[in-house]
Structures are given as structure tokens and as C-alpha cells.
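A short briefing is set out after the display.

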Amino acid sequence: MFEAKDLDCVFLETNMGMKKRYHMVYECIPLPKEVGDMAPIYFKKAIMESDEEWSMNKKLIDLSSKDVRKSVPKGLPYFSVDFGLQGGFAHVIEDQYEFPRYFGKVLSCKRSIYQLYSLL
């Protein structure tokens, strides 16, 4: 479907609100191929700069060899991004009230718009 339109896709998963009730959002965002190829670099940098400076958990979890369910400790809120066959990254959210729920969408949108303007 995306291949025919020369698009790549990024899968975003945000799991927050663990104490009151579970709230997990899983989204597929289509991106132009040029942006999709650079997406792992953008997301890795954004995850490393996000959340608390000093955290109890590992800032960036590589999902190239493991599933997110086996990588993130059970019961903790997390954000993960998957690039299809390339694997992805996960991040344990230290303070879910400070972490933006729209984190991955803003990043992918900014990069897509920036890339489209640079092609003009």
C-alpha cells in the first residue's frame, strides 16, 4: 500500500496512565521515503534529549533484537518507535505527567515538513 505511493511508515506506541487505567496508543504514520530513511537518526536524537536529564532507567532501548514487551520493565510507562524491518527504539517514561503525549507525532511531522521544503 505505502510502497506503491513511494512512502515509508513509522509505528509509534505510547503506553501511559498505568496507575489509573491502561491507555496505550499505537499509530502508523506514513512518511516520504527520504524522511523515512533518516527517521531512525531523528528519533534516536529526540529520545536521548527527552524526559529527565538524570533517569533511573536506560534512556534509549534498542529494539533491533528484542520485542518491546521483553525490553521495558512491566508496569512502567513507555514510548516506542518501530521502523518496520529495521527494528526500533523504546524509552521508559520517567514522569508521565511531563512527557508529551504527542511526542512522536510532532517529531515526524516536523521532519516531514522540513524535508518537503528542502526538496522545493
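The model is predicted. The protein comprises three helices and five strands, and 41% of its 120 residues count as buried.

**Architecture and surface**

- Read from the N terminus, the order of elements in the protein is β-β-α-β-α-β-β-α.
- Of the contacts in the protein between residues at least 6 apart in sequence, 61% link residues at least 24 apart.

**The largest nonpolar core**

- In soluble globular proteins, nonpolar side chains tend to be buried together.
- The largest nonpolar core of this model contains 18 residues.
- Val10, Leu12, Phe43, Ile47, Phe79, Val81 and Phe83 are the residues with the most contacts inside this core.
- Two or more residues are given to this core by each of strand S1 (7–16), strand S2 (23–32), helix H1 (33–49) and strand S4 (78–82).
- Helix H1 provides the largest share of the core, five residues.

**Contacts of Ile47**

- Ile47 is among the residues with the most contacts inside the largest core.
- With neighbours within four places in sequence left aside, Ile47 is in contact with Lys59, Leu60, Phe79, Val81, Phe89, His91 and Phe103.

**A separate core**

- Another core, of seven residues, lies apart from the largest one.
- Ile61, Leu63, Tyr78 and Val92 are among the residues of this other core.

Notes: Residues are numbered from 1 along each chain as its sequence is written. This is a predicted model: local features need pLDDT of at least 70, side-chain atom pairs count only at pLDDT 80 or more; totals for chains, interfaces and linings use all residues. Side-chain values use heavy atoms; hydrogens and water are left out. Helices (H or I, at least four residues) and strands (E, at least two) are DSSP runs, numbered from the N terminus. Buried means under 20% relative accessible area, exposed over 50%, partly exposed in between (1.4 Å probe, protein chains only). Contact means heavy atoms within 4.5 Å. A nonpolar core is a set of buried Ala, Val, Leu, Ile, Met, Phe, Trp, Tyr and Cys residues joined through side-chain atoms within 4.5 Å.
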